[in-house]
Amino acid sequence: MAWYIAKRLFYAALILLGVSFITYLLLFLIPADPARQIAGRSATPEVVANIRHQLGLDLPFYEQYLRYLWQLLHGDLGRSYVQRSQVSDLMAARIGPTLQLMAAGIGLELLIGISLGLVAAIKRNSGLDRALMAFSFIGVSSPHFIAAMLALYFFAVKLGWFPLGGYGGIEHLMLPAITLGVLGSGWYSRMVRSSMIEVLHQDFIRTARAKGLTRVRVLLRHVLPNAIIPVIPMIGIDIGIFMSGLVVVESVFGWPGLGQLAWQAIQQVDIPIIVGVTTLSAVAIVLGNLVADLAVLLVDPRIDVKNS
Amino acid sequence: MNSSKPPRNAPVLAVERLSIDISHGTGSAQRVVDDLSFNLQAGRTLCIAGESGSGKSLSSLAIMGLLPKVAQLPSGAILYQDRDLLGLPDRQMSRLRGRDIAMIFQEPMTSLNPLMSVGKQLEETIRRHKLDEGGGATRRAREILEAVRMPHVEKRLRQYPHELSGGMRQRVMIAMAMVCRPKVLIADEPTTALDVTIQAQILELMRELQQELGTALLMITHDMGVVAEMADDVVVMNRGVVEEQAGARELFSAPRSDYTRKLLAAVPRLGTAPELASQAQRPRVLEVGDLNVRFPVQRQSPFAKATEVHAVEGVSFALGAGETLGLVGESGCGKSTTGKAMMNMLAYSGSVKLDGRELNGLKGGALKAIRREIQMIFQDPFAALNQRKTVGELIGEPLLVHGLADSAGRRRRVAELLEQVGLSAAAAARYPHQFSGGQRQRICIARALSLEPRVIIADEPVSALDVSVQAQVLALMKSLQDRLGLSYLFISHDMAVVEQVCHRVAVMYCGQIVEIGSCQQVLHNPQHPYTRRLLSAVPMPDVDHKRDFRALLQASEVPDPIKPRGHQPPPLEYLEPQAGHFVARTEEGSLSLY
């Protein structure tokens, strides 16, 4: 077990190294020039060159990247070009709200996805099943920025059920979390539905019924745990997809989280922040996958670590 | 074993004029059970016997109220304690299930929830029927596992189903069914998926529990040996219709219906097959010497010791021209692995010689050429044929692969082969799903024959078939042997079948051959304790030869086949009590071989 985790952590480090390299390379290649952005429209070429030299942007790519890695090893994510403070400080101030929204969003995704999948599987091939699957299909395929703005317009502006964005208590959290939850639940409901149907046909479900268990008990104690196993690794994979939605939804709802920070940084070509947020997202995805894989080990006694 | 049975009296459960339809969506329905009636009596066993598609399993599910949604019940009643179970709402029915009427299923490997420990699954039944609460439920679970003679009960309660063997899982299933002391126990092919010695243990266990608790037992089976062993009364079903209903003795001694007579005639009986002429004088086609197959076990960490599974260990035998050698043994003994190694389908050490040519280490073109000489037939004719190709393409494919005939030539040869295996040449244009199991196995045989091989390795070729079909396929294999001079390596777990078709028999246990000799020598005068144990477990389709399985009931420990890499077990020493009859030397009375 310890060996398995050690191996997985080593692979995780390799993945993170690759992610940071690719991000850095992409930002190096884009035509936008951060030095010109900082200096402003009226700056002379000397001023721009001066800024470029100060930021180390005149160095060759590999030197910039190695310097960044070296600082990263010391826990230093660099300074923001625009906001003139440590990237780590900026991110630390915003990680709390983001974690809140993530927890609520992923929680709702699972809650909505699993219950819809469960209902659809029980009522399979009925009108309700088809309606639920159509709903999940719409959720999966609608773009976040449109859905978020529609939700804001209807539920906050027209109906006034929720505040018009911003950060605060539970009422501020609800609408962005529900938006993320509904949009992300489609994958889960489809997956839970098909895996439930498969489990319902297994021999041990017939055994459970033959024992005299009630329908509800058979569903909750025998079908659902078995159907949920393929969903767990999916949560790890989903964190990445979820993050991209988070950037948009946080910006639309004015939620002061990492997504909003990244959104602003992208507009201002504030490279240290973009790289910092990307690296942190990569860490979250890799850790999420590791935790999901370990969770499956706990749920399913058949999986033997030595064969994975 | 013929203890006195309680006399016939009022039935515990009565099935009256039951019919079951399966609807095919568009209003049309197919009758799968028609007008079935029988009574179950306390302490007595009723067997429903029949081949696949006879409706026997659906009838048992109807009693449990667990029929699939597509099944409808146009008429009939199932009376239990003055109530018609068919009219009972599911809520009330679920209270009877497991408490009054319990069921055991065919497939122990998949019939238990893989995520719940054995103890939890047992306690669940106990709690559901309010037999006991809390610690009392755990105590009851322990008691019932002891009652089914489960070794190491404390450990088993905490184990998960995948950690138990098939026989042990079936014991758990029986324990789960019997824990509420039901009035009626339904067992649907409870031993079909198990080895003969395990089957004997399970049957004995069910007999003992029945006598102790006075349960009415309804047993569904296709195996007339099991029927003779267990039944007091028998219902023979064929395509949903009752062919005959009689006491067990009456049925076996004077069957009234034609179908029963045909069924009984088709059942191979151990000890009745005529002795086949010895082929010992014929030239040897195939020689296997010191065959070893080992599979590496993946290490848990780089510091752990490297280990290997010893699947086949020092196996040697020879196969003569026109001879059939039976390779028998229980699951996991290495008989199929031996067959695959001979086909060069996995890495092995030792030598396999065909007409003196060494096959070990052959690659590419040389290996392909040798495959023309050795072909294989598999157990499951449903899985062995590609559903998307026509029968003509399937049988012609080996000719195509080996570049032996152009398309007109292939068509001619396919037609010839189909007629050889008893199918019409027109079958070539059809697809595998349009054929029955027996016909598909004929197609597999035709495919194996297409390259005119000298040796055919048949891995359980008739195990998946009904007895009447089984007899036809065996007869076909035999006539092909006579005509074409084929040699068969016949891998099987069924002693009675082996006795019918084999000239010589080799018995495998834990990867080694423990006894080899002529059919007569090995099956009628077994010398090795394992062979004796195996033979004593085979149920006989004869009510006057009920067997006493009690000696087999204690599960025996099989030696662990996983050894450190490079481990060399001492080679077996063989004694030769008669010419051509070799028996592995053992310590007195023990089965352990290493």
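Trainee: Is the crossing of α11(A) and α13(A) right-handed or left-handed?
Mentor: Right-handed. That word applies if the near helix is turned clockwise from the far one by less than a right angle, and left-handed if anticlockwise. Before going on: this is a predicted model, where local features need pLDDT of at least 70, side-chain atom pairs count only at pLDDT 80 or more, and totals for chains, interfaces and linings use all residues. Residues are numbered from 1 along each chain as its sequence is written, while chains are lettered from A and ligands numbered from 1 in the order in which they are written.

Trainee: At what angle do α11 and α13 of chain A pack?
Mentor: About 165°, with axes 7 Å apart. Axes are lines fitted to C-alpha atoms over the stretch in contact, and angles run from 0 to 180 degrees between N-to-C directions. That makes α11(A) roughly antiparallel to α13(A). The cut-offs: under 35 degrees is roughly parallel, over 145 roughly antiparallel, 65 to 115 roughly perpendicular, the rest oblique.

Trainee: Which classes of residue make up the contact of α11(A) with α13(A)?
Mentor: 13 nonpolar, five polar and one charged. Nonpolar covers Ala, Val, Leu, Ile, Met, Phe, Trp, Tyr, Cys and Pro; charged covers Asp, Glu, Lys and Arg; the others, Gly among them, are polar. From α11(A), the residues include A:Ile232 and A:Met243. Contact needs C-beta atoms, placed from the backbone, within 7 Å.

Trainee: Switching to chain B. How many helices and strands are there?
Mentor: 19 helices and 23 strands. Both are DSSP runs numbered from the N terminus: helices are H or I, at least four residues, and strands are E, at least two.

Trainee: What about α10 and α16 in chain B, how do they cross?
Mentor: At roughly 50°, and the axes come within 8 Å. So α10(B) is oblique to α16(B). The crossing is left-handed.

Trainee: Which residues of α10(B) meet α16(B)?
Mentor: B:Lys262, B:Leu263 and B:Ala266. They meet B:Val467, B:Ser468 and B:Ala471 in α16(B).

Trainee: And where do the chains touch, how many residues are involved?
Mentor: Chain A gives 22 residues and chain B gives 27. On the chain A side, α9(A) supplies the largest share, seven residues. That side has eight nonpolar, seven polar and seven charged residues.

Conventions. Contact = placed C-beta atoms within 7 Å.
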